[in-house]
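Student: I have a structure open and have not looked at it before. Can we go through it piece by piece?

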Number of protein chains: 2
Amino acid sequence: MIEITFLGTSAMVPTKDRNHSGIYLEFNGEGILFDCGEGIQRQFKIAGIAPTKIRRICITHWHGDHVLGLPGLLLTLGACGYTGVLHLYGPSGSKEYLGNMMSGFAEKISIDVEVHEIAQGMIFENDLYMLSCAPLEHSIECFGFSFIEKDRRRIIVPFIRKLGIPDGPLLGKLQRGIDVVWEGKNITVDEATRVVHGKKVVYIGDTLFCNSAVGLSLDADLLITEATLSDTIEEKAENYKHMTAKQAAMLANHANAKKLIITHFSQRYKTMEVLEEEAQTVFANTQCAYDFLKIKI
Amino acid sequence: MIEITFLGTSAMVPTKDRNHSGIYLEFNGEGILFDCGEGIQRQFKIAGIAPTKIRRICITHWHGDHVLGLPGLLLTLGACGYTGVLHLYGPSGSKEYLGNMMSGFAEKISIDVEVHEIAQGMIFENDLYMLSCAPLEHSIECFGFSFIEKDRRRIIVPFIRKLGIPDGPLLGKLQRGIDVVWEGKNITVDEATRVVHGKKVVYIGDTLFCNSAVGLSLDADLLITEATLSDTIEEKAENYKHMTAKQAAMLANHANAKKLIITHFSQRYKTMEVLEEEAQTVFANTQCAYDFLKIKI
């Protein structure tokens, strides 16, 4: 299961109720943090999530509201005895920005951070999932990210029990997609297992509506996008290279997404009804994010 | 009247209830911010205080938990159309640290910040108050700050009314300490006014107990000091160059302060009773700070 926690849902200026951007995805006991606005380390505390679970941080772009929580988070991870390498993925310039940021105060971080400057396509893969990125259209270089859980085979237990195949290496082989022989009889993967399709979660950072965002979001089970403003001030949104709630919903439609969560709201909106309703007229299964919203898929 | 709002009261690691350090002092419609830990701009929002009132920021030292809210605050002040010069006072190296910090993300601040690297003594004075600093004893260069409201003369209204002196320039002169003549009669400042003594507020940042802190705090109406740990682990406090609650109270005693508020608490303390009681055995008029505590003096 993939568990997502929204740690911050404001745009440039935070509000009483909304912290700067940060989305935490946990899968198989490990965490991936998408963006790290100011105050995110404290949001982890309030959410009751140990930030030491983070193994990867994906930065959409280097505007302050998406990155100013990095130094504090890295310092705190050091103070908590974080071990292993923390991988940070971000646009070109990420190494220099992070270096400058870390020279902006009189402490050295004690953890091992490996910075990967990304372009397009796969940025990480293991047996369980893939992380990809695609460029978006914002005022500076900005990326969207997709997390794709890999399909896996699950044993059809009644079938196996009937044949009397014990737990152990034979079942492991079947799960990995290899036919086996049991008591002289060939057991095929197709009869002994069924495929469980992995889920796809996409996070679209600050951007105009663009084909690249649609491509990255195709068939997403959960699409998370910015929707800074309402379509009633669409021109303003365009000037600042942001999407409106309606455009976010159009993106979900074009990409054939199953569920849309919009986030990164301008401080001008005191309640989110306007934006939610605007999006729902185009894409019904839309929800507005709020700080500490949890989604399990 | 001086109004003080505690915007953050944690030590290095923030907690669910305590933000990183920040103390806002408002006097005569203008604000002075002492330290600016991560998240302070949002604490202003929650406290319902306009950060555009800030005219001066005093930084005790450049450890992350005292400064990492600066870039976000300065960005937001720019977005709010802040006008005038914002003065920042801090230890040597402040210009370089701030410069690096501001090169750590892809935006430029649009407000005019003047950085003053301080040593000891008066750092600012106007008709109404003085700001001074003194070096403390921490693991890096660190300062304490004193805010001293100037004494002022208040007209003794019944006396003036009896003589029939009208509102206007004559009263202004008396308030400024100048004798005047009314209907041929000499009116002295001493008979027509009384002196209202200005209040003194002192903020002692991270430090060991030291004579310099005592000197700066002498006769403070309100002394605010760090008290990171309990005296039961005094050795640990000394290793990290911090005061215990007991030492903070000793400081208040030695300095003949009227009231002590302790702050900057380690995350290990879930309630503050231990620290408050420990301090009160030495200095009775002690209170533990909490986020959004307001004090008027």
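**A buried glutamate and onward**

Tutor: A:Glu26 has a relative accessible area of 19%, so A:Glu26 is buried. Keep in mind throughout that this is a predicted model.

Student: What does A:Glu26 form a salt bridge with?

Tutor: The partner is A:Lys53, and the closest N and O atoms of the two are 3.1 Å apart. A:Glu26 belongs to strand 2 (residues 22–27) of chain A, while A:Lys53 sits in the loop between helix 1 (40–47) and strand 4 (54–58), so the pair ties together parts that are 27 residues apart in sequence.

Student: And A:Lys53, does that count as buried, partly exposed or exposed?

Tutor: A:Lys53 counts as partly exposed, because its relative accessibility is 33%.

Student: What about chain B? Which residue does B:Lys258 meet in a salt bridge?

Tutor: B:Lys258 meets B:Asp221, with 3.6 Å from N to O. B:Lys258 is in the loop between helix 10 (245–255) and strand 16 of chain B, and B:Asp221 is in the loop between helix 8 (211–217) and strand 15 (222–226), so this pair ties together parts that are 37 residues apart in sequence. B:Asp221 counts as buried because its relative accessibility is 16%.

Student: And what does B:Lys246 pair with?

Tutor: The side chain of B:Lys246 meets that of B:Asp231 in a salt bridge, at 3.9 Å from N to O. Here B:Lys246 lies in helix 10 of chain B and B:Asp231 in the loop between strand 15 and helix 9 (234–239), so the parts tied together are 15 residues apart in sequence. B:Lys246 is partly exposed at 34% relative accessibility, and B:Asp231 is partly exposed with a relative accessible area of 25%.

Student: New topic. How many residues are in contact between the two chains?

Tutor: On the chain B side there are 40 residues, in contact with 41 residues of chain A. Between them the chains bury about 3,000 Å², with 56% of it on carbon and sulfur atoms.

Student: How many salt bridges and polar contacts are there between chain B and chain A?

Tutor: The salt bridge count between chain B and chain A is zero. For polar contact, the count is 20 residue pairs, both residues being at pLDDT 80 or more.

Student: Which helices of chain B supply the side that touches chain A?

Tutor: Helix 1 (40–47), helix 2 (64–67), helix 3 (70–79) and helix 4 (94–102) of chain B each supply at least two residues of that side. Helix 1 of chain B gives the largest share, six residues. Sorted by class, the side of chain B that touches chain A has 16 nonpolar, 16 polar and eight charged residues.

Student: What rotation superposes chain B on chain A?

Tutor: A rotation of 180°, with 0.0 Å of shift along its axis, superposes chain B on chain A at an RMSD of 0.1 Å. That is the relation of a two-fold axis. The same surface serves both copies, as 100% of the contact residues of chain B recur in chain A.

Student: Back to single residues. Where does B:Ile187 lie, and what does it touch?

Tutor: B:Ile187 is in strand 12 (residues 185–187) of chain B. B:Ile187 counts as buried because its relative accessibility is 0%. Leaving out residues up to four places away in sequence, B:Ile187 touches B:Phe159, B:Leu163, B:Ile165, B:Leu174, B:Asp179, B:Val180, B:Trp182 and B:Ala192.

Student: Which residues have a positive phi although they are not glycines?

Tutor: Among them are B:His264, with a phi of about 65°, and B:Phe292, with a phi of about 80°. B:His264 sits in the loop between strand 16 (260–263) and helix 11 (273–280) of chain B, and B:Phe292 in the loop between strand 17 (286–288) and strand 18 (294–296) of chain B.

Student: Are those two buried or exposed?

Tutor: B:His264 counts as buried at 3% relative accessibility, whereas B:Phe292 counts as partly exposed at 30%.

Methods
Residues are numbered from 1 along each chain as its sequence is written. Chains are lettered from A and ligands numbered from 1 in the order in which they are written. This is a predicted model: local features need pLDDT of at least 70, side-chain atom pairs count only at pLDDT 80 or more; totals for chains, interfaces and linings use all residues. Side-chain values use heavy atoms; hydrogens and water are left out. Contact means heavy atoms within 4.5 Å. Buried area is the accessible area (1.4 Å probe) that two parts lose on being put together, summed over both. A salt bridge is a side-chain nitrogen of Lys or Arg within 4 Å of a carboxyl oxygen of Asp or Glu. A polar contact is a pair of N or O atoms within 3.5 Å; within protein, one must be able to donate a hydrogen and the other to accept it, and residues adjacent in sequence count only if both atoms are side-chain atoms. Helices (H or I, at least four residues) and strands (E, at least two) are DSSP runs, numbered from the N terminus. Ala, Val, Leu, Ile, Met, Phe, Trp, Tyr, Cys and Pro count as nonpolar, Asp, Glu, Lys and Arg as charged, and the others, Gly among them, as polar. Buried means under 20% relative accessible area, exposed over 50%, partly exposed in between (1.4 Å probe, protein chains only). Copies are superposed by least squares on the C-alpha atoms of residues with pLDDT of at least 70 in both.
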